[in-house]
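Visitor: Please pick one part of this model and take me through it closely. I'd like to see how it is put together and what it leads to.

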Amino acid sequence: MRHVTVENLMDYLEGQCSDVEKSTLESHVASCTECSGLKQEFQVLITRLREDASFEPPAELVQWGIDLFQPVVRPQGAASGLRKYIASLVFDTYEQPMLAGMRRVGAPPRQLLFRAGDVDVDVKIESMEANDRITLIGQVLSSAAKFFDNTPVKLESHGIVRYRTRTNLVGEFSFDEVPKDTYHLSVDLPEGQITLFCVHRGNS
Amino acid sequence: MEIQETPLVPSSRHNNSYTDRTDPELVSMCLNGDVAAWEALVRRYRRLIYSVPRRFGFNKQDSADVFQSVCLKLIENLHHLKDDTRLGGWLVITSSRTCLNLMASRQREPDTVGLEFDDRLDPERNVEELRLYVEEQQEIRDSVNELPGRCRALIDMLYLDANSPSYQEISEIIGMPLGSIGSNRARCLEKLRKIIRDRGIK
């Protein structure tokens, strides 16, 4: 008895064979364990491949994800060897579960803590509902009990540095009533530049 | 003086040198500011991330919200993931948690109008089961990417292209005689089957 070929099997599974070929194949598969197993295996494979096509996200959504990543290039003439660090988000009040029975009224300040190595950047974001602006207040802290004073801090959106400031004696900084937008925040330390991606998202 | 940002590596140059990189390699390249490496990661896992909310029964709008949240979390956690060879597993868990958080936040606001879930979460498909399914689906995708170029292109167009091109279109695009698509399909699927078996996927 001749076993089915993969090509015949695929013609059958795709509905591309004649009634005679279909009948012959079905008859053989019904009595052949090996070919029955092969048919099932390819049936599952084709199903899983087709399912995958249905999980394709919209192209603009994928591009949004790609466009999230916009590292800052050093200005020309800047010293070489500047290291860049991407800070990790370790705490976000928006990620904390609400207490049972609590309802959110208005937009409470959001507290975020980012960490890069032994440097923490604490950020509080307050939303001004009246004029669609936000205020970011932060502090750059070191686990070595060192203060980062007079340190440049930048707020960037869409590839452009929008606002600059410097930290005070105890590493604090603020950006008052800036327009709501998706911002990345960068802190220029002697050890390197720390970037906080999407410290604020424009629609939140 | 404002500084204009430009990518260190143009993201439009998406070539094999990135698609062949492992996850830890791509993450390290991202941490060094390589935009194309980030694009490769997003493209590699776009379906995995998007499939989780879709399998939870979320509509496309909510699934898009989950997708965006997970991309943000991935960027924020790159530093923690640079040695992680199982980025897919982390993405599934993160995507699942984001879905559950979104559902929980909606339920906690009973006066929110316009709840837009197409289907309720299937109580019989728990998160662990979903994780196994989604990870296996990613293994199948990765197996397809291991196929030789022409085979990969053929399988992509036959089964993974949402536009469902005809055999005639496939023949013209790949440069394969129309009459040979059937036999090549069989040959490529057999190769894929072997790759999947070698990966230990049942």
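Guide: Let's start with β3 (residues 110–116) and β4 (residues 119–128) of chain A, antiparallel strands joined by 7 bridges. Strands here are DSSP E runs of at least two residues, numbered from the N terminus, while helices are H or I runs of at least four. This is a predicted model, in which local features need pLDDT of at least 70 and side-chain atom pairs pLDDT 80 or more, while totals for chains, interfaces and linings use all residues. Residues are numbered from 1 along each chain as written, with chains lettered from A and ligands numbered from 1 in written order.

One bridge to look for links Q111(A) with K124(A) in β4(A). Zooming out, you will find both strands in an open, antiparallel sheet of 5 strands, ordered β2-β3-β4-β5-β8 in chain A; pairing takes at least two DSSP bridges. At its edges, β2 (88–92) and β8 (172–179) of chain A each pair on one side only. On average, neighbouring strands are turned by 20° against each other, direction ignored, using axes fitted to C-alpha atoms, with angles from 0 to 180 degrees between N-to-C directions.

Now follow V121(A): along with C30(B), A37(B), W38(B), L41(B) and I49(B), it touches the most other members of the largest nonpolar core, which has 65 residues. Such a core joins buried Ala, Val, Leu, Ile, Met, Phe, Trp, Tyr and Cys through C-beta atoms within 7 Å, buried meaning 20 or more other C-beta atoms within 10 Å. The largest share, 12 residues, comes from α3(B).

Between the chains, 46 residues of chain B contact 39 of chain A, again by backbone-placed C-beta atoms within 7 Å. Here too α3(B) gives the most to chain B's side, with 10 residues.

Key
Contact = placed C-beta atoms within 7 Å. Buried ≥ 20, exposed ≤ 12 C-beta atoms within 10 Å, placed from the backbone.
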